[in-house]
Amino acid sequence: KFIRSKDTLFYKSLQEYQQNIAGDIKIDTSMKVIWYFIADSYDLISGQNEVDFDSTKYYLYVAYYDSKKYTFRRLISLDSLYNIIDLNIPKSSQFFSITYFNYINNKSDELYNVLLKPIEKYIDTTFKYKLVLPSTLTTLPLDYLYAKKRNVLPHFIEYTDLSGIIYYRKNAQIGISDSITVFSGMKYNDIYCNINKAYNPSIRSGIVELKYSNIEKDEIGKSFKIITYVSSEATKYNFLKSLLDTNTKNLHLITHGAYIPLVDLNKKADELVINDNSNNENTPEIPAERQLLLFSSDSTSRTFRNNLFVSYEIKYLDNLSHIKLVYLSACETGLIDDNRSNKSGYSGFVREFLDRGVQSVIATRWKIQDKAASDFASDFYKNLLLFREYEEAFYQTKLFYYKSNKPSFNWTSYVFVK
């Protein structure tokens, strides 16, 4: 009844997707889908899109589809969920990734009982699962929480919204002649490198260069032909030019990433302006305006902050459907807002790239260590050379790290999103 009613969220999502995509849409009923969403009973009946997240009547639901029917379960009230996850962990902390993951470990039983126990009988690890998460849950490594409890790592492929998973698309494969365009070895040593102003307005340089950046590049080159932009050539201008080049199929970026929380901007809004295109002096509240990447400064340009690339800028690019994979080997590129304003899933770089047509994005939920990032990327491309499918290579890399008992807060940060 829920699926077939023309007033439901599911139907509206499908209808909206069909109106915006040229060509025939084939619904894939063989998929096994796990869809977490926030709603109340009125939403389920009427398909309302607006949610008052301050209301106590909203709940987290889960729906799962096994090619025969959808089953719905109401899991927990939104207020109770936020009490468990505790969104007040300071994200500006230098040790955020370790602190947060230790927190997840301490809460793993409670989170498992709420999020995964109601559907554990449904999960069969011989299948691939299409996982759709609201923004509340995208920072949680659900596959690892399941693996800790059940001693097996499920194959979850994440999506930003429901409409992205209900049509048929073959798993993307890297072509025999495909190359990887790699940006590495950025130079962060002049007055334009002012990302640190978010925390210390007197610092205009001194950002640590990534020791393993070029090692990561060289390791990728052992598996695939690479086109490189290194050091002073690794500029924002060249990155944008590569994005728009229809010959670019795979793009790998190694640099510093940052997500500036609202709490930091509110305290120091006069010290850092992230959205260069805005004349508004107020603190930007859109997550995409606070998620950024840092490039080598272009000494030929005097454009202020020309080395900062804000995810919001992707909106103004042409269609990027020629790109099969954007791999963002940087901190916090898959992080989203905590303010309950976005219920559809990932925002920032992930959603912006996918909205422009990029077929898949690899990103990070939290801060990552330099060497660990280099190792994960190297292992991913080795698996990509072996398995050819992006999804399968990503899963096999995570599976190897899980079976090898590698430090979990390093590799569970990564997400593969379509």
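Tutor: Let's start with a definition: two strands pair if DSSP finds at least two bridges between them, and strands are DSSP runs of E with at least two residues, numbered from the N terminus. This is a predicted model, where local features need pLDDT of at least 70, side-chain atom pairs count only at pLDDT 80 or more, and totals for chains, interfaces and linings use all residues. Residues are numbered from 1 along each chain as its sequence is written, and side-chain values use heavy atoms, with hydrogens and water left out.

Student: Which residue stands opposite L294 in β11?

Tutor: Strand β10 covers residues 291–294 and runs antiparallel to β11, joined to that strand by 3 bridges. The residue in β11 facing L294 is L308.

Student: What is the strand order in the open sheet of 3 strands?

Tutor: The edge strands, β9 (257–259) and β11 (308–310), each pair on one side only. Pairing in the sheet is antiparallel, and the order is β9-β10-β11.

Student: Why are α11 and α12 described as oblique?

Tutor: Helices are DSSP runs of H or I with at least four residues. Axes are lines fitted to C-alpha atoms over the stretch in contact, with angles from 0 to 180 degrees between N-to-C directions. The axes of α11 (residues 370–387) and α12 (residues 390–403) come within 8 Å and cross at roughly 130°. Angles under 35 degrees count as roughly parallel, over 145 as roughly antiparallel, 65 to 115 as roughly perpendicular and the rest as oblique, so α11 and α12 are oblique to each other.
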